[in-house]
Amino acid sequence: MATSTTAPDAGRREPRAGTPAREPARRPRGPLLPYLLLAPAIVLELAVHVIPMVVGVWMSLLELTQFHIRDWSTAPFVGWENYRATLDINSAAGKELLHSFWITLAYSLLSVGFAWLLGISAAVVLQRPFRGRALLRALFLTPYALPVYAAVITWSFLLQRDTGLVNHVLVDQLGLLNERPFWLIGDNSFWSLLVVSVWRNWPFAFLCLMAGLQNVPGELYEAAAIDGAGFWRRLRSVTLPMLRPVNLVLLLVLFLWTFNDFNTPFVLFGGSAPEQADLISIHIYRSSFKTWDFGSGSAMSVALLLFLLVVSAVYLLITNRRRDDHA
Amino acid sequence: MSRRHLGIFTAAVLAAASLTACGGSGDDSAASPKTLTYWASNQGASLEADKTILQPELDKFEKQTGIKVTVEVVPWSDLLNRLLAAATSGKGPDVVNIGNTWSASLQATGALVEFDDATLQAVGGKDRIVPAALAAAGAPGKPPAAVPLYSMAYSLYYNKKMFADAGITAPPTTWEQLAEYGKKLSTGGKWGLAIEGANPSENAHHAFTFSQQYGGEWFDSAGKPTFDTPQNVSAIKRYIDFMAADKITNPSNAEYAQNQSVSDFANGKAAMLLWQSAGSNLKTQNMPADAYGVAPVPFLASPPAGGKKVNSMVAGINMAVFKHTKNKDGALSFVKFMTSDEEQTILNRTYGSLPAVKTAGADPAFSAPEQKSIQETLVTTAAPLPQVPEESTFETLVGTAMKELFADAASGKPVTEASVKAKLTDAQQKMR
């Protein structure tokens, strides 16, 4: 990362000819300077992260419906009521949230798993130079470069039952199926969503792992080859251990992104996802925007935030401890 | 105060100052009395078409008053959210179109200018407005939150040639007939009835009509939801059964949310369609007006006790003014302009809807068969959706429950009284 530092002799430059020698500008002294320099970062951090988060937590303690949305000060303070209502797994809302949570967890784990597998496979295959490698690299990155909306809306056209290309190929051309299946409603919708998500995310895994592979010294492979290690052995004993730092971050980031993914299901299903693919982000959106109940929507968001914090903390703890063990 | 504390204090003050500086900007409400921002709803075939239709009228208004109106046509899928955001933030347009069923919901936010008698007088007077349309402009007993702009109602559109080919001589007048005819028409890849199954609003509108016919209500007199009553269960099941039991609707319709059912009807893939003012849309899809007939929406052959003779909601578009406008007089004069006899005639003629003012109905365009049918329904058998603050939530929850039931029907899962009731009970529990 680039950091700019002031040259130590900047203040002592010779005055240019013709200009009267000025007294060097006095630098503000004392402990004020660091705070002044930090101020822009602090302001942005407050504005972008902290304040919205605090507001979100505050909203979750209010009964914020259409009657009060215009002037929050009139919204009754209900304390934990929103949490009680949304997290009570015996109520309809709680049951749906729990259902949505399991769906999202399964979706995230599978999506990250497949994206990583595809990413590592492609990165390893493209590790050695060959004709057309650059072209393949560029091609593999296309899904990541496409705007989400354009890419996912195209998928939604492909997956339409009567007019979609997928059914046209499967049913009309290959004759693999007799009935036209639905891809965007019913049980298949989960798998459609998963495919689209993996398709969108794997290039990122590929990009990171490809970069990571550049740092693996060639001598290690040579040494392994001399020791008689085959492809799989080299993968297991050289490539993967060397990629460990990349993987640590990559898997966590992919998991957090997928778990919070809103764009893909929103565009694919047009706002209200089928039960089988009711991801938690869509669920929260529906609970707050569609039913104008921003309090319980916020309560769900805060619960989600806490869950992701715990997951991240546990993940980092475990992986750090392992690293300490190795050291 | 130590130096250390002074430093922290300075940083905090700087932070606070820059934040308040962020707050004042980003106001796109017209500040000058010579401009207005107007969000129009999507009434024509596309957003672009609407702009082309509206722009000459806005130019005319500018010529008359010197006020320049900037129009943005907002798609229906975004409109309610955008209105809600504008109501919340106190920023946004001056004048907006709203679906008339949202009137009470938006009224409850307190963000809309109330049209009390004096304000109504300023936009042309209460007596000009069609009473049924005005009844759908806010909660009963309160000054309306909006002024009716376009009036519409549901009708049954049927393909004349497909009917003739199947030997059917007259459109169905009962649901039983509709199912029977539908079965005759559902052959060779064609279907009897097209349904917009994944569109919650469309579903909710039908939920209202069927419930009325079965003697049900979605809200009791105290405004509490009564979603899962036996009447409502029968009503919803009757509608879903066109796909689930009668099989006169293509299962694919469970995916439809972008007016594909209108296209299916226009392309002859389906013989019947229940829609409001479909004519102008059908025309742009190259279906000439003499290719289809327009009939009233059917009733039950033998209505149960308490069943009402209602076959449409009072559908329509209202015009509202945000309280946060800095140009209220200009906004009201724009409302007056848009509800004037001349503009009502021009715009409703183009959109195939009906004027919301009594004085503009004389134009021959409003005596075409489609408009006559709409007119007749509006004066005889249409009823407004419940004007309660929770109306928009009802549309979303019940409409989505029906979307899920259509998905069940399409994927071959049985739709029973019990499964319908379970969905409606769930929906009701989510009401606050």
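The model is predicted; local features need pLDDT of at least 70, side-chain atom pairs count only at pLDDT 80 or more, and totals for chains, interfaces and linings use all residues. Residues are numbered from 1 along each chain as its sequence is written, and chains are lettered from A and ligands numbered from 1 in the order in which they are written.

Helices (H or I, at least four residues) and strands (E, at least two) are DSSP runs, numbered from the N terminus. Two packed helices are described by the angle between their axes and the distance between the axes. Axes are lines fitted to C-alpha atoms, for helices over the stretch in contact, and angles run from 0 to 180 degrees between N-to-C directions.

In chain A, helix H3 (residues 92-125) packs on helix H7 (residues 188-214) of chain A, with axes that come within 7 Å and cross at roughly 45°. H3(A) is therefore oblique to H7(A). Angles under 35 degrees count as roughly parallel, over 145 as roughly antiparallel, 65 to 115 as roughly perpendicular and the rest as oblique. The crossing of H3(A) and H7(A) is right-handed. A crossing is right-handed if the near helix is turned clockwise from the far one by less than a right angle, and left-handed if anticlockwise. On H3(A), the residues that meet H7(A) include A:Tyr107, A:Leu110, A:Phe114 and A:Trp116. Their counterparts on H7(A) include A:Leu193, A:Val198, A:Trp202 and A:Phe206. Contact requires C-beta atoms, placed from the backbone, within 7 Å. The residues of this contact divide into 18 nonpolar, four polar and no charged. Here Ala, Val, Leu, Ile, Met, Phe, Trp, Tyr, Cys and Pro count as nonpolar, Asp, Glu, Lys and Arg as charged, and the others, Gly among them, as polar.

H3(A) also packs on helix H9 (residues 231-259) of chain A, at an angle of about 145° and with the axes 10 Å apart. This crossing is right-handed too. A:Thr104, A:Ser108 and A:Val112 are among the H3(A) residues that meet H9(A). The H9(A) side includes A:Leu235, A:Leu251 and A:Phe255. The contact of H3(A) with H9(A) holds ten nonpolar, five polar and no charged residues. A:Tyr107 of H3(A) takes part in the contact with H7(A) and in the contact with H9(A).

A:Leu105 is found in H3 of chain A. A:Leu105 counts as partly exposed because 15 C-beta neighbours lie inside 10 Å. A residue is buried if 20 or more other C-beta atoms lie within 10 Å of its own, exposed if 12 or fewer, and partly exposed in between.

The contact between the chains takes 35 residues from chain A and 41 residues from chain B. On the chain A side, helix H1 (32-59), H3 and helix H11 (280-290) each give two or more residues. H1(A) supplies the largest share, eight residues. The chain A side divides into 19 nonpolar, ten polar and six charged residues.

Chain B contains an open sheet of six strands in the order S2-S1-S3-S10-S4-S11, with mixed pairing. Strands pair if DSSP finds at least two bridges between them. Strands S2 (68-74) and S11 (354-355) of chain B are the edge strands, and each pairs on one side only. Strand S1 (residues 35-41) of chain B pairs with S2(B) in the parallel sense over seven bridges. B:Tyr38 has B:Val71 in S2(B) as its bridge partner.

An open sheet of four strands in chain B has the order S6-S7-S5-S8, again with mixed pairing. S6 and strand S8 (292-295) of chain B stand at the edges, each with a single partner strand, so one side of each is left without a neighbour in the sheet. The twist averages 20° from one strand to the next. Strand S5 (residues 154-159) of chain B and S8(B) pair in the antiparallel sense over four bridges. B:Asn159 is bridged to B:Tyr292 in S8(B).

Helix H8(B) lies across S6 and S7 of chain B and runs at about 125° to S6(B). In H8 (residues 175-185) of chain B, the buried residues include B:Trp175, B:Leu178 and B:Tyr181. Their cover includes helix H7 (160-165), strand S6 (191-194), helix H10 (230-244) and strand S7 (270-276) of chain B. B:Ile168 sits in the loop between H7 and H8 of chain B. B:Ile168 is partly exposed, with 18 other C-beta atoms within 10 Å. Not counting residues up to four places away in sequence, B:Ile168 touches B:Phe163, B:Tyr181 and B:Lys184. B:Ile168 and B:Lys184 are 16 residues apart in sequence and 9.0 Å apart in space, C-alpha to C-alpha.

Key: Two residues are in contact if their C-beta atoms, placed from the backbone, lie within 7 Å.
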